Amino acid sequence: MSKTSIGYAMCGSFCTFKRAISEMKNLVDLGYDVLPVMSTTAAITDTRFGSAKDFISQIEELTGKKIISTIKDAEPIGPKKMCDLMLVCPCTGNTLGKIALGITDTPVTMAVKSHLRILRPLLLCVASNDALGASAQNIGRLLNTKNIYFVPMSQDDPVKKPNSLVSHFELIPKCVECALRKEQYQPVFM
């Protein structure tokens, strides 16, 4: 019997990368086969949170796989049935909007489009400073879209960043189990 495969796509919410990689390790430790994908921005940008090269090295060592970081390499994910579930973690407001509107111009959005075309579950782990602002309509649209599920989220700093939402990364394993059964983990907003 083969392992359940999870596409793990990372976007440029750099302040959450350490948590995202920690949860990626958790999924590997739980026995999932993890296929890493990174947006171009995530794969090439050095920030105060760490260097892209170091993150890539850590992820490839953890998963034993080369990161998919081009649109061309992400396209076969669906047709080749490479993943049982696709997780976008962290999922930025920019990527939320692109998924909601069907825009496919990054490796992550291509991975999502390719995966959804074979009607398999997509799990979004939001980390966005405008989730309760401009991105709120995209969350609403995606909550009502077949095969798309969310990791529960809450405001991370309601006083200083009242529009910001961050998902509860620690719930990813439970949310993966639910999404694989085509169920939304509840509550969505905490």
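**Chatting through the model**

Trainee: Before we start, what kind of model is this?
Mentor: This is a predicted model.

Trainee: Okay. Where is Val88, and is Val88 buried or exposed?
Mentor: Val88 is in strand S3. Its relative accessible area is 0%, so Val88 counts as buried.

Trainee: Which residues does Val88 touch?
Mentor: Leaving out residues up to four places away in sequence, Val88 touches Ala9, Cys11, Thr95, Val108, Val112, Leu122, Leu123, Leu124 and Cys125.

Trainee: And how far is Val88 from Ala20?
Mentor: Their C-alpha atoms are separated by 9.7 Å, while along the chain Val88 and Ala20 are 68 residues apart.

Trainee: Let's switch to the core. Which residues in the largest nonpolar core touch the most other members?
Mentor: That core has 34 residues, and the ones you want are Tyr8, Met10, Leu27, Met38, Leu87 and Ile172. Several elements give two or more residues to this core, including strand S1 (5-10), helix H1 (17-29), strand S3 (85-91) and helix H8 (172-180).

Trainee: Why would side chains like that gather in one place?
Mentor: In soluble globular proteins, nonpolar side chains tend to be buried together.

Trainee: What does Ile172 touch?
Mentor: Not counting residues up to four places away in sequence, Ile172 touches Tyr8, Glu23, Leu27, Leu87, Cys89, Leu123, Cys125 and Val151. There's also a second, separate core of 29 residues, with Ile68, Ile77, Leu96 and Leu122 among them.

Trainee: New topic: how many aromatic pairs does a search of the whole structure find?
Mentor: Two aromatic pairs turn up. In one of them, the rings of Phe14 and Phe17 have their centres 5.2 Å apart and their planes at 55°, so that pair is tilted.

Trainee: Are Phe14 and Phe17 buried or exposed?
Mentor: Both Phe14 and Phe17 are buried. For Phe17 the relative accessible area is 0%.

Trainee: What about the pair of Phe17 and Phe55?
Mentor: Those ring centres are 5.1 Å apart with the planes at 75°, so Phe17 and Phe55 are edge-to-face. Phe17 lies in helix H1 and Phe55 in helix H3, so this pair ties together parts that are 38 residues apart in sequence. Phe55 is buried too, with a relative accessible area of 4%.

Trainee: Which residues do the ring pairs link into a cluster?
Mentor: Phe14, Phe17 and Phe55.

Trainee: Where does the charged end of Arg19 sit?
Mentor: Over the ring of Phe169, 4.7 Å from the ring's centre.

Trainee: Now Gly7. Where is that, and what is it in contact with?
Mentor: Gly7 lies in strand S1. Leaving aside neighbours within four places in sequence, Gly7 is in contact with Leu35, Cys83, Leu85, Met86 and Leu87. Gly7 has a relative accessible area of 0%, so Gly7 is buried.

Trainee: How far apart are Gly7 and Phe169?
Mentor: Their C-alpha atoms are separated by 16 Å, and along the chain the two are 162 residues apart.

Trainee: Last one, His168. Where is His168?
Mentor: In the loop between strand S7 (165-167) and H8.

Trainee: Which side chain does the side chain of His168 make a polar contact with?
Mentor: The side chain of Ser154, at 2.9 Å. Apart from neighbours within four places in sequence, His168 is in contact with Val151, Pro152, Met153, Ser154 and Met190.

Terms used. Residues are numbered from 1 along each chain as its sequence is written. This is a predicted model: local features need pLDDT of at least 70, side-chain atom pairs count only at pLDDT 80 or more; totals for chains, interfaces and linings use all residues. Side-chain values use heavy atoms; hydrogens and water are left out. A nonpolar core is a set of buried Ala, Val, Leu, Ile, Met, Phe, Trp, Tyr and Cys residues joined through side-chain atoms within 4.5 Å. Buried means under 20% relative accessible area, exposed over 50%, partly exposed in between (1.4 Å probe, protein chains only). Helices (H or I, at least four residues) and strands (E, at least two) are DSSP runs, numbered from the N terminus. Contact means heavy atoms within 4.5 Å. Rings of Phe, Tyr and Trp (its six-membered ring) pair if their centres lie within 6.5 Å; planes under 30 degrees apart count as stacked, over 60 as edge-to-face and the rest as tilted. A charge sits over a ring if NZ of Lys or CZ of Arg is within 6 Å of the ring centre and within 35 degrees of the ring normal. A polar contact is a pair of N or O atoms within 3.5 Å; within protein, one must be able to donate a hydrogen and the other to accept it, and residues adjacent in sequence count only if both atoms are side-chain atoms.
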